[in-house]
Amino acid sequence: MIINNLSKRILSSILLLPLALFFIIKGSFFFNFFLCVCFLFTSYEWYMMTKKKNYHIIGYLFLIFSFYCAYLLRNIDNDEGGLLFLLVIVVCVSSDIGGYVFGKIFKGPKLTKISPKKTYSGMFGGYLLSIISINFYIYYANKYLDKYAEFTIEAFIMVILISSISQFGDIIISYFKRLSKIKDTGKIIPGHGGILDRIDGIIFAIPFTYLIFISGIFK
């Protein structure tokens, strides 16, 4: 069962990740269209999950805020915004994969009762894979683009913060799923569940990154 589910997750990722990267890298109309589609699916899944709850309006307001920050972050500058947006995606996806793999392999103490599958080994695995992935990301960005960046202490702190926010977002959505007594927010992505299941950490990490960027804390 685990092997079958993992196979579905891998196959879905192989098919969907290049598609998502295409829209993000292209920017402009393509990215805006992609963002609107994701927003509509996510809002629908949130509605189906919380339509009988008294807190569903707060969720809609947060989703609007999050997706608007995504729009602003990607459109800061066609190149810089695209690179920064991709950096957030790389960290969030790496955190998710690292958490899943390390959690399955090493298991260990549970991180929280809200999400029983989350472990401390998974949390540190998410951090580790994020750091490794961003080093590769910076290397290829320097090699193939007219940019220069290095993995400084500031970059290290930023990666840890984004990964932490992403993992926190995952736990928050898991909490609401438990309240609604459901396993997944949808079934549109085989092995992953719904769109909200897939981007639960990202919708928290994007606003955080945008606010940090415009604050000028990290240059």
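This report walks through a predicted model of one chain, from its overall fold down to single contacts.

## Ground rules

Local features need pLDDT of at least 70 and side-chain atom pairs count only at pLDDT 80 or more, while totals for chains, interfaces and linings use all residues. Residues are numbered from 1 along each chain as its sequence is written, and side-chain values use heavy atoms, with hydrogens and water left out.

## The overall picture

The chain has 8 helices and 0 strands, taking helices (H or I, at least four residues) and strands (E, at least two) as DSSP runs numbered from the N terminus. Along the sequence that reads α-α-α-α-α-α-α-α. Of the 219 residues, 42% are buried; the cut-offs are under 20% relative accessible area for buried, over 50% for exposed, and partly exposed in between (1.4 Å probe, protein chains only).

Contacts here mean heavy atoms within 4.5 Å. Among the contacts with a separation of 6 or more, 69% join residues 24 or more positions apart. The accessible surface of the chain is about 12,800 Å², and carbon and sulfur atoms hold 71% of it; these areas come from the Shrake-Rupley method with a 1.4 Å probe, and for residues only the protein chains shown count as cover.

(The expected span is 1.5 Å times one less than the number of residues.) Its buried residues are Phe-31, Leu-35, Cys-38, Thr-42, Ser-43, Glu-45, Trp-46, Met-49 and Thr-50. Thr-42 has a relative accessible area of 0%. Not counting residues up to four places away in sequence, Thr-42 touches Leu-63, Phe-67, Ile-195, Leu-196 and Ile-199.

Then there's the surface side of the story. Phe-22, Phe-29, Phe-30, Phe-33, Val-37, Phe-41 and Ile-188 make up a nonpolar surface patch with about 640 Å² of accessible area together. Patch members have over 30% relative accessible area and no salt bridge, with like charges joined within 9 Å and nonpolar side chains (Val, Leu, Ile, Met, Phe, Trp, Tyr) within 5 Å. Helix α2 gives the largest share of this patch, 5 residues. Phe-29, found in α2, is exposed at 57% relative accessible area.

## The nonpolar core

The largest nonpolar core has 40 residues, and Phe-85, Ile-162 and Ile-206 touch the most other members. At least two core residues come from each of α2, α3 (56-74), α4 (80-106), α5 (120-144), α6 (153-180), α7 (195-199) and α8 (202-215). A core in this sense is a set of buried Ala, Val, Leu, Ile, Met, Phe, Trp, Tyr and Cys residues joined through side-chain atoms within 4.5 Å.

Neighbours within four places aside, Ile-206 is in contact with Ser-66, Cys-69, Ala-70, Leu-73, Phe-85 and Val-88. Ile-131 and Val-91 are 40 residues apart in sequence, with their C-alpha atoms 7.9 Å apart in space.

## Salt bridges

The whole structure has 4 salt bridges, each one a side-chain nitrogen of Lys or Arg within 4 Å of a carboxyl oxygen of Asp or Glu. One of them pairs Asp-96 with Arg-198 at 2.3 Å, N to O. Asp-96 is in helix α4 and Arg-198 in helix α7, so this pair ties together parts that are 102 residues apart in sequence. Another pairs Asp-170 with Lys-118 at 2.7 Å, N to O. Here Asp-170 is in helix α6 and Lys-118 in the loop between α4 and α5, so the linked parts are 52 residues apart in sequence. Asp-170 is buried at 12% relative accessibility, whereas Lys-118 is partly exposed at 24%.

Lys-183 and Asp-184 form a salt bridge too, with their closest N and O atoms 3.9 Å apart. Lys-183 is exposed at 61%, and Asp-184 is partly exposed at 29%.

## Helix α6 and what comes after

Helix α6 has 28 residues and runs 41 Å from its first C-alpha to its last, close to the expected 40 Å. Just after α6, Lys-181 takes a positive phi of about 60°.
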